[in-house]
Structures are given as structure tokens and as C-alpha cells.
Amino acid sequence: MAAGTGPFEEIIDGGVYKYYADGEWRTSSSGKSVTIYNPSTREAQYKVQACTQEEVNKAIDSAKAAQKLWAKVPLWKRAEALHKAAALLKELKDPIAECLVKEIAKPAKDAVSEVVRSGDLISYTAEEGVRILAEGKFLVSDSFPGNDRTKLCLTSKIPLGVVLAIPPFNYPVNLAVSKIAPALIAGNAIVLKPPTQGAVAGLHTVQCFHRAGFPKGLISCITGKGSEIGDFLTMHPGVHCISFTGGDTGIAISKKAGMIPLQMELGGKDACIVLDDADIDLAAANVVKGGFSYSGQRCTAVKVVLVMESVADDLVSKVNAKIAKLKVGAPEDDCDITAVVTESSANFIEGLVKDAKEKGATFCQEYKREGNLIWPLLLDHVRPDMRIAWEEPFGPIVPVIRISSVEEGIHHCNASNFALQGCVFTRDVNKAMMISDAMETGTVQINSAPARGPDHFPFQGLRDSGIGSQGVTNSIAMMTKIKTTVINLPAPSYSMG
Ligand SMILES: NC(=O)C1=CN([C@@H]2O[C@H](COP(=O)(O)OP(=O)(O)OC[C@H]3O[C@@H](n4cnc5c(N)ncnc54)[C@H](OP(=O)(O)O)[C@@H]3O)[C@@H](O)[C@H]2O)C=CC1
Ligand SMILES: O=C(O)[C@H](O)COP(=O)(O)O
């Protein structure tokens, strides 16, 4: 089954995908659409509605009304609906994966994995939700000085209201459901603003929720360019929480948003520290997997290698041997390296490469680009005065900085404005633990490349890499607030009998 056909037929009309609000697929009154270009062919692939501010207002009003009723739906029923959506998503994985291939040039197999992983994420969230949302706290007053046991405090978790979800282009399905599912299980309504590249995969995902039978108005999907409707959405008084994943845009949003909970997962410059006692084969395999999968377009990609001089030649030659085997080409052919998402992204990457060339980095491969397709490149002997030492390429370019002490590596990692993840390769677990404690990042992986998954692990960035923590449990907690009810007794509770 192809995208936009079968169960997805109703979401497209006249070649333009519709937006979703009030339980229906709609055409925007703007009369305008946004074109999505295929990164590989650079030709127009899809069109989505350019929604208006009035349509945003209506979606948020419906969300508010639907949320009040949804919060009263028994938790097990909310979970049941989520399981249904998860099953549909997995059943319809092929047409959704097709969108990922065409909109964001995700290699075919990875595209299917993203959809399946997302179905599993929804089911896990439903199961985790029925456990943790059923739990609260019971406190008695006589543990605090000056009190008798006359007050019994019950705490529970209640929804926030309307959650605005804004995922980025690189995981438009997985990073949408990682926001949608926790919001819904906790009794919230959701307004999704998908990334422009990835919007059609997002709309197909929403259709699975629609077909799972969620109440009218509870879920909406507003399409349009972030630069045009983004501020209106994020500053909207009807929004009670924002869960955002993306780049520096998140920093601007957090300055503009009102006094509401924010979950921000932003950029990264994940360092890979390789010590002289490391298993160099393992480190090389992880530099390649971590640095080049999905052409480096992962926030958790290895974005700088900090290797001890004594093992640097060995590591570099092993990484180069593996790079030579990477398949470069079309996502449809399941190539390892595919076109980066846009021409401006490719131009930005090229700027970093040129700067490194001018400043004397060693090119382990010849720099090659055709359109948005950039061949994988390892840059050796990178120095801190080069932009690539600090900036996030979001492309298949990995810089290597040779270090003479572990402290030098830790210092480089901690001097970055980004602090998402990092990794260390060593056979000495004691040293690994001490380095992990010294690296000021949200996560440190020992003897493996950085990764957000599995999706139930806590995932957080420090400094400019984010606010709050993701992962199924943390996202559910973040999308609720604590409500307490206090039972006041006329006499201490132990005074009878
Ligand atoms: N820490 C993490 O978990 C992750 C971080 N990232 C980071 O994301 C970046 C790449 O993703 P990319 O999609 O380009 O990131 P962007 O920050 O450009 O976009 C992210 C989302 O924000 C939307 N947006 C754009 N402008 C606004 C605005 N003014 N208000 C509200 N929303 C807006 C975009 O919509 P539109 O597409 O229409 O512009 C998109 O949906 C990298 O820096 C990467 O490190 C990526 C994945 C995971
Ligand atoms: O954008 C990203 O990098 C994703 O959040 C990473 O997910 P993964 O590390 O599980 O691939």
C-alpha cells in the first residue's frame, strides 16, 4: 500500500495533504500550501496546508473542551485507545516509512524501524501510564515538628491541559509519538505541529490515532512553516505545556513561552573519548555507527572524537577502512549515507568543511558532494580553532582531535555549549566511571556510541542541549502536575480505641 492511499486516502485532496482538527481532515481557508522537497531528487514531493492563526485558535479551543472530558475517561480506557493506535501504526508501517524515505531521505530499513519503534513506544507508554498514574503519595502530618496526626495528605497526578508537541525533521514519527502518547495517557489534549520535512509522515501517524477512535478535538495536527506559525503556537495562551525537539529554535521558544512547563531537547556535540587502553576495533565500529548513521543527522551522533595520541593512528585507520565500505546513494536502496535534508543544510556542512580545510585539517577522504548528497568524511588533526571542533554539522562529517591527556578530552567536552551525551572507550571500568562523573553531559555511554534509545531510558541535555528529561516515565511525569487533597481530622487519628 502506498502513502496517501487505502486508510490514508481521506487525508489528501487534490494532491495536497489536509490538516487535522476537531476529529476531521480539513483544507485550510488560507488557500495556501507548503511544498515539501525530496532531499534526494530536490524536486517537489508533497504539499501540506499552510494553516491560519484562526485555525490554530479553533484547534486549541476544541482541544481545551475535549481535554476536560478525556481527563474523566478511566485510565485503562485511555491505555486501550493508545494500544489500538500502536497496533495500527505497526500494521501500516510501510506507507508511513515510504513518507520518511521521500521526505527526509531516511534509509528504507531505518524508516520501517522508526515506525515499529514508535508503535512499541506508544504501547510501553500506555503500560507505564496505567502503573505510575495510578500511584500517589500518602503523608501524615505528625512527621513535621509541631504537628499531631490530624492531617492526612493524599497526592495524585493530574493533567496539565493542552500540550503542544513540536518534533524535528529527523525522527518525525518517533519524536511525535514520544510526546503524543505521554500527553494522552496522562489525560491531556495534544496539538501537534510537525516539522515541514516530515509533515506527511506526521499526518499519516495522526491518521492512526484518528482511526483508533480518540474523541473529536482531543488531537489536532496543524501544518505550516515553523517560521510562520511557530510563534503564534508557542505563545498561545491556550497552551499549557510545550514539548519541543529541535535546534536553537528551542532556546528562542523558551524565552518567549509563558509560565508553563517546557520540555526542550535541543542540539548536541557528543564527544567520543578514546583512551589508550580501549578496544580500538570496538571504538572504531562505534565512531562509524555513531557518526554516520542517518548521515550524522541525529542529535546523539558522535560529533567529535577525542582520541589519545598513542592510539590515534590505529583508530583513524580502522575508522577509514569502515568508511570505505559505507554505501552512498538513495534511501530507497537502503544506502548508509543518503542526501542531507535540505540544500541549506548541505551548504552549512560545506562551510564547516571549507573552514577546516583552510585551517589545515587532514582530509582522510576527498570531500565530495552532489546536490544534497555528501560523501562521508573523517577530518583528522582538527584543532580547537576550527568551527567543526565546536559546531554541530548534522551531516556525515566527523572531526578527530588528538589529545595527550584524558583531562584535555574532558575539558573539550565541558567547554562546549552543548551537553547532550558523550561516550568513553576504555577497558578500565573505574576510570570510565570517573570520566563519566567528570563529563558534564546529560548521559555518558561507556563503550558504546551515544543513543537516545531504548525509548524508556531517561534522556536529557544540559546547558544549551535542553530543559527537563524525556524518556517514557519522565515525559508522563512532566505532562502532569501534583494535586493534593488533605483530610483534616478533628482529633489525632490515633486517639480512638
Ligand atoms: N536533543 C534531541 O533530542 C534532538 C535534537 N535535534 C536537533 O534538532 C536540529 C535539527 O532539527 P530541525 O528540525 O532542523 O530543527 P529546528 O529547530 O529547525 O526545527 C524543529 C521544529 O521546530 C519547528 N519550528 C521552526 N521555527 C519555529 C518557531 N519559531 N516556533 C516553533 N516551532 C518552530 C520546525 O518546523 P519547520 O520544519 O516547519 O521549520 C520543526 O518542527 C539539530 O540541531 C539537532 O541537534 C534533533 C533531534 C533530536
Ligand atoms: O535526533 C536524535 O538523535 C534522536 O533523538 C536519536 O535517537 P537515537 O539515538 O535513539 O537514534
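# Two ligands and the residues around them

Ligand 2 is surrounded by R117, N170, Y171, R298, C299, T300, A451, R452 and G453, where a residue is near a molecule if one of its heavy atoms lies within 4 Å of it. This is a predicted model, in which local features need pLDDT of at least 70, side-chain atom pairs count only at pLDDT 80 or more, and totals for chains, interfaces and linings use all residues. Residues are numbered from 1 along each chain as its sequence is written, chains are lettered from A and ligands numbered from 1 in the order in which they are written, and side-chain values use heavy atoms, with hydrogens and water left out.

A polar atom in the side chain of N170 is 2.7 Å from an oxygen atom of ligand 2, and an N or O atom in the side chain of Y171 lies 2.6 Å from an oxygen atom of ligand 2. With C299 it is a polar backbone atom that takes part, at 2.5 Å from an oxygen atom of the ligand. The protein covers 94% of the 310 Å² of accessible area that ligand 2 has on its own, where accessible areas come from the Shrake-Rupley method with a 1.4 Å probe and, for residues, only the protein chains shown count as cover.

Ligand 2 sits in the second largest pocket. On a 1 Å grid over the protein atoms alone, a pocket is an open set of points with protein on both sides within 12 Å along at least five of seven lines, and lining residues have an atom within 4 Å of a point; a molecule sits in a pocket if more than half of its atoms lie within 2 Å of its grid points. G453, one of the residues around ligand 2, is joined to P454 by a cis peptide bond with omega near -5 degrees. P454 itself belongs to the loop between β23 (443–446) and β24 (462–463), and the helices (H or I, at least four residues) and strands (E, at least two) named here are DSSP runs, numbered from the N terminus.

Ligand 1, in turn, sits in the largest pocket. Its surroundings comprise 32 residues, of which the closest are T196, G247, T249, L266 and E392. The elements α7 (226–234), β12 (241–245) and α8 (249–256) each supply at least two residues of this shell, and the largest share, 5 residues, comes from α7. Backbone atoms of the protein also meet oxygen atoms of ligand 1: a backbone N or O atom of P167 is 2.9 Å from one, one of G246 is 3.2 Å away, and a polar backbone atom of P195 lies 3.5 Å from an oxygen atom of the ligand. Of the 900 Å² of accessible area that ligand 1 has on its own, the protein covers 84%.

Some single residues also deserve a look. C413 lies in helix α12 (residues 406–415) and counts as buried because its relative accessibility is 6%, buried meaning under 20% relative accessible area, exposed over 50% and partly exposed in between (1.4 Å probe, protein chains only). Apart from neighbours within four places in sequence, C413 is in contact with A271, F418, M439, T441 and R463, contact meaning heavy atoms within 4.5 Å. The C-alpha atoms of C413 and D270 are separated by 7.9 Å, although the two residues are 143 residues apart along the chain.

T480, in strand β26 (residues 480–488), is buried because its relative accessible area is 10%. A polar atom of the side chain of T480 lies 2.8 Å from the backbone oxygen of A477, and, not counting residues up to four places away in sequence, T480 touches L133, K157, I158, L160 and A186.

A105, in the loop between α3 (93–104) and α4 (108–132), has a positive phi of about 55 degrees although it is not a glycine, and A105 is buried because its relative accessible area is 0%. D334, in the loop between α10 (309–323) and α11 (343–358), is likewise a residue other than glycine with a positive phi, near 60 degrees, but D334 counts as partly exposed because its relative accessibility is 24%.

Methods: Polar contact = N/O pair within 3.5 Å; in protein donor to acceptor, adjacent residues only side chain to side chain. 1 Å grid on protein atoms, 1.4 Å probe; cavity = no way out; pocket = protein on both sides within 12 Å on 5 of 7 lines; lining within 4 Å.
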